[in-house]
Amino acid sequence: MTNRVLLVDGMALLFRHFYATSLHNQFMYNSKGIPTNGVQGFVRHIFSAIKEINPTHVAVCWDMGQQTFRNEMFEGYKQNRPEPPAELIPQFDYVKEISQQFGFVNIGVINYEADDVIGSLAQTYSDNNEVFIITGDRDILQCINENVEVWLTKKGFTIYNRYTLDRFKDEYGLEPKQLIDVKAFMGDTADGYPGVKGIGEKTAIKLIQNHHSVENVIQNISALTPAQQKKINDNINNLHLSKSLAEIHTQVPLESEQLFNEMAYAHELNKILSICNEHELYVSGKYLASNF
């Protein structure tokens, strides 16, 4: 197994570094007046990951607007999020342009989230390759298997919360796919879906450890405490809805074989630095020059 596939949640990196620097009004405008703080963080982060993972194939996956098939299931899905700041908006297209110039394959599919694209590619490619996922979203932990690792952004550009299959099982006492059932109970305030009111993560994990799935909990509801029975019965529709919303769709229509060939990647530092200089990404270029 010689191929090492790196799948990156592009928006997660862009947002992370935009908000980390915008907090202090460090927008890093270029000579055209375009803010570059999020883009600069994206560049530093992705190349730090490449240095550590040494992938043979790289793809950056993107959300394609706010509306996905989940909004058809639940109108309130992710509708509680504020509009992006004015300084971030021009960086959405700019970061994709930079990513393409670096030789990364940008992938986004209308009606699906980046998580769905990542999950679909990870499932397909992990049959014969090692797969590494860089994201800030714990939902993607459901996609772990013996050949898929998830590296959650943690601090700076080089420190990750790394999850292998063994670590996930040890920490949660569950199989990765059972995270979907856990999320069904606890809901997700960031994504705006309800779960079961009054049941948090610890209780949700315990319920799935004991009963293995949402369906089995319902089937054995008489074994639960009266308080738990009432909470579940009062929120039974939300429970089923939340399970559907929590599951990452791993059958996104993609030409995975063709994409795999396009994703083959080998970087040259001089070319990377030249691109950084061309786009006035001086902070990124200085970082890369001194660390690679």
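Analyst: What follows goes through the domains, their contact and then the cavity. The model is predicted.

The contact draws 15 residues from domain 1 and 17 residues from domain 2.

Now the area. The size of an interface is often given as the accessible area lost when the parts come together. Here domain 1 and domain 2 bury about 1,300 Å² between them. Of that area, 55% is on carbon and sulfur atoms. On the domain 1 side, F74, Q142 and F168 lose the most area to domain 2. Together these three residues make up 43% of what that side buries.

Charged pairs come next. The count between the two domains is 3 salt bridges. As for K78, this residue forms a salt bridge with D191. Their closest N and O atoms are 3.9 Å apart.

Last, the cavity. A search of the whole structure finds 1 cavity of 30 Å³ or more. The volume of the largest cavity is about 80 Å³. It is lined by 13 residues, and Y77, D115, D139, L245 and I248 are the closest to its centre. Two elements, α5 (114-125) and α11 (236-246), each give two or more residues to this lining. What kinds of residues make up the lining? There are 8 charged and 5 nonpolar residues, with no polar ones.

Notes
Residues numbered from 1 in each chain as written. Predicted model: local features only at pLDDT ≥ 70, side-chain atom pairs only at ≥ 80, totals over all residues. Heavy atoms only, no water. 1 Å grid on protein atoms, 1.4 Å probe; cavity = no way out; pocket = protein on both sides within 12 Å on 5 of 7 lines; lining within 4 Å. Points joined across faces, edges and corners; volume = space filled by probe spheres on them. Helix = DSSP H or I, 4+ residues; strand = E, 2+ residues; numbered from the N terminus. Nonpolar A, V, L, I, M, F, W, Y, C, P; charged D, E, K, R; others polar. Contact = heavy atoms within 4.5 Å. Buried area = accessible area lost by both parts, 1.4 Å probe. Salt bridge = Lys/Arg side-chain N within 4 Å of Asp/Glu carboxyl O.
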